[in-house]
Amino acid sequence: MITPGEADILLVVDVQRDFLPGGALAVPDGDAVVPAVNALGRRFAHVVLTQDWHPPDHASFASRHPGRAPFDTVRLAYGEQVLWPDHCVMGTPGADLADGLDLPGAELVIRKGFRPGIDSYSAFLEADRTTPTGLAGYLRERGVARVVLCGLATDYCVGWSALDARAAGFEAVLVEEACRAIDQGGSLARAYAAMDAAGVRRVRMDAVGP
Ligand SMILES: [Zn+2]
């Protein structure tokens, strides 16, 4: 049982229009997380959001790589990169937080992926694995010990954020019903295996009180 207190933060990852059905990079059943995230938000004193936030010419967009299609991989300067449909372009409606998301007490929005040449799945470290977003320092300064994660997508941005939360020295807990996955080519099973190995706990909604 998790009873959220002053040392707990609910980290709501990328619950944005483009990741919901009808959006540019829709996560299957992604809209189902909205009521779950809202319900979780009412149980936490402290909530932080992330927002995927790309320039129009972002290196992760398949449209920037002639002859390549979404979900192909390419090598960028920092390593292998999955290519995506254009999504969450900064300042466009697709990058907005999801309609119906009701987290008025959220204290911080971390935007990530705004550098043209670097993707960022994680809320903590960009995909070059060296550029910090600043979230770890913010949480430490706030005295946070445990990060409880929800949002989209389990096998990319939520999973990478959970792993990086552990690497930064925080407890990490993923609330299963408040996440949905893209799950292409076994990506969800791989993400769960990595999270298990890193000590990320997975719980159901009813394990998070009060
Ligand atoms: Zn993105």
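Residues are numbered from 1 along each chain as its sequence is written, and side-chain values use heavy atoms, with hydrogens and water left out. Because the model is predicted, local features need pLDDT of at least 70 and side-chain atom pairs count only at pLDDT 80 or more, whereas totals for chains, interfaces and linings use all residues.

**Annotated span and zinc site**

An unreviewed UniProt entry lists residues 9-196 as "domain: Isochorismatase-like"; such annotations may be inferred rather than shown by experiment, and their positions are given in the numbering used here. The span 9-196 is 21% helix and 22% strand, and its end C-alpha atoms lie 20 Å apart. Helices (H or I, at least four residues) and strands (E, at least two) are DSSP runs, numbered from the N terminus.

The zinc ion has the protein donors D52 (OD), H54 (NE2) and H87 (NE2), at 1.9 to 2.1 Å. Donors are N, O and S atoms within 2.8 Å of the metal (3.2 Å for Na, K and Ca), and sites may look incomplete since water is not among the atoms. The sequence spacing of the donor residues is D-x1-H-x32-H. D52 and H54 are both buried, where buried means under 20% relative accessible area, exposed over 50% and partly exposed in between (1.4 Å probe, protein chains only).

S161 belongs to α3 and counts as buried because its relative accessibility is 0%. Leaving aside residues up to four places away in sequence, S161 touches L11, V13, Y121, S122, A123, F124 and L149; contact means heavy atoms within 4.5 Å.

Two packed helices are described by the angle between their axes and the distance between the axes. The axes of α3 and α4 (residues 187-198) come within 10 Å and cross at roughly 10 degrees. The two helices are therefore roughly parallel to each other. On the α3 side, the contact involves T154, D155, Y156, G159, A162, L163 and R166, and α4 contributes S187, L188, A191, Y192, A194, M195 and A198. These residues divide into nine nonpolar, three polar and two charged. Here the axes are lines fitted to C-alpha atoms, for helices over the stretch in contact, and angles run from 0 to 180 degrees between N-to-C directions. Angles under 35 degrees count as roughly parallel, over 145 as roughly antiparallel, 65 to 115 as roughly perpendicular and the rest as oblique. Ala, Val, Leu, Ile, Met, Phe, Trp, Tyr, Cys and Pro count as nonpolar, Asp, Glu, Lys and Arg as charged, and the others, Gly among them, as polar.

**Backbone features**

| Residue | Phi |
|---|---|
| D14 | about 55 degrees |
| F71 | near 80 degrees |
| G169 | about 100 degrees |

D14 is not a glycine and sits in the loop between β1 (8-13) and α1 (33-41); D14 is buried, with a relative accessible area of 0%. F71, likewise a residue other than glycine, is found in the loop between β2 (47-52) and β3 (73-76). F71 is partly exposed, at a relative accessible area of 35%.
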